[in-house]
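Student: I have just opened this structure and would like a guided tour. Could we go through it by question and answer?

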Amino acid sequence: MKIFGISGSPRLQGTHYGVNYALEYLKERDCEVRYFSVARKEIKFCMHCDYCIRKKEGCIHKDDLNEVYDNLIWADGIIIGSPMYQGNITGQLKTLMDRCRAIVAKDPKILKNKVGMGITIGGDRNGGQEIGLRTIHDFYMINEMIPIGGGSFGANLGATFWSKDKGKEGIMEDKEGLRSLKKTLNRFLEVIKNNIK
Ligand SMILES: Cc1cc2nc3c(=O)[nH]c(=O)nc-3n(C[C@H](O)[C@H](O)[C@H](O)COP(=O)(O)O)c2cc1C
């Protein structure tokens, strides 16, 4: 099982820790993992130039997202994590999602049936974490992937953390958040195993 984890935070703090915690958990369960953080990366905006639609050769921009394209195509399962900014995912992550139009324009089925889950982190207890998860799930659905949550009684739509604006330390202290993450990861694994049988 090949898993690709993405952190949408411009810092190497809470989300970076949360996504890597998830990847370590999966590595211990027979998964091969790869990781990308938007931190300190060059990620240009989609300009709607339609180069990807006309040429079907990927994106006109040549920047740090090339690595993301390769890894999205490689993976059986994708984990996207983001801090909440103004009640939703970060601008960097949204740009990454927009830019995925390029690979889908080349092959509309390129992400089809890959399994996806989300991890969202807010400084506030109710700072948009569930809305952020829905944004991540929408990205999966639009690209014909299979979005999964963690099930009722603990995880619902996926993994949600309340960092209290304490970065990595805040995530480590949030026991309920870690419980929601593990519950979601178990469901993620279950669906991937079923999917690649
Ligand atoms: C521009 C900006 C907007 C933010 N907006 C929210 C918000 O709407 N809701 C919230 O709970 N936290 C908000 N925060 C706090 C971060 O989501 C929080 O500190 C998070 O844990 C940071 O994750 P990181 O350590 O991975 O960068 C905001 C932070 C910044 C810098």
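Tutor: Gladly! One term to begin with: buried means under 20% relative accessible area, exposed over 50%, and partly exposed in between (1.4 Å probe, protein chains only). This is a predicted model, where local features need pLDDT of at least 70, side-chain atom pairs count only at pLDDT 80 or more, and totals for chains, interfaces and linings use all residues. Residues are numbered from 1 along each chain as its sequence is written, and side-chain values use heavy atoms, with hydrogens and water left out.

Student: Is D63 buried or exposed?

Tutor: Look in the loop between α2 (51-55) and α3 (65-74), where D63 lies; helices (H or I, at least four residues) and strands (E, at least two) are DSSP runs, numbered from the N terminus. The relative accessibility of D63 is 8%, so D63 counts as buried.

Student: Which side chain does the side chain of D63 join in a polar contact of 2.9 Å?

Tutor: A polar contact is a pair of N or O atoms within 3.5 Å; within protein, one must be able to donate a hydrogen and the other to accept it, and residues adjacent in sequence count only if both atoms are side-chain atoms. A polar atom of the D63 side chain lies 2.9 Å from the backbone nitrogen of K44. The side-chain partner, at 2.9 Å, is R99.

Student: How far apart are the C-alpha atoms of I148 and F36?

Tutor: I148 is in the loop between β5 (146-147) and β6 (159-162), and counts as buried because its relative accessibility is 5%. Along the chain, I148 and F36 are 112 residues apart. Their C-alpha atoms are separated by 21 Å.

Student: Now the ligand: how many charged residues are in the shell around it?

Tutor: The ligand is surrounded by 18 residues, each with a heavy atom within 4 Å of it. Both α1 (14-27) and β4 (115-122) supply at least two residues of that shell. Counting Asp, Glu, Lys and Arg as charged, Ala, Val, Leu, Ile, Met, Phe, Trp, Tyr, Cys and Pro as nonpolar, and the others, Gly among them, as polar, the shell has four nonpolar, 11 polar and three charged.

Student: Which residue has a backbone N or O atom 3.0 Å from a nitrogen atom of the ligand?

Tutor: Ligand oxygen atoms lie 2.7 Å from an N or O atom in the side chain of R11 and 2.7 Å from a polar backbone atom of M84. For the ligand nitrogen, the residue is Q86.
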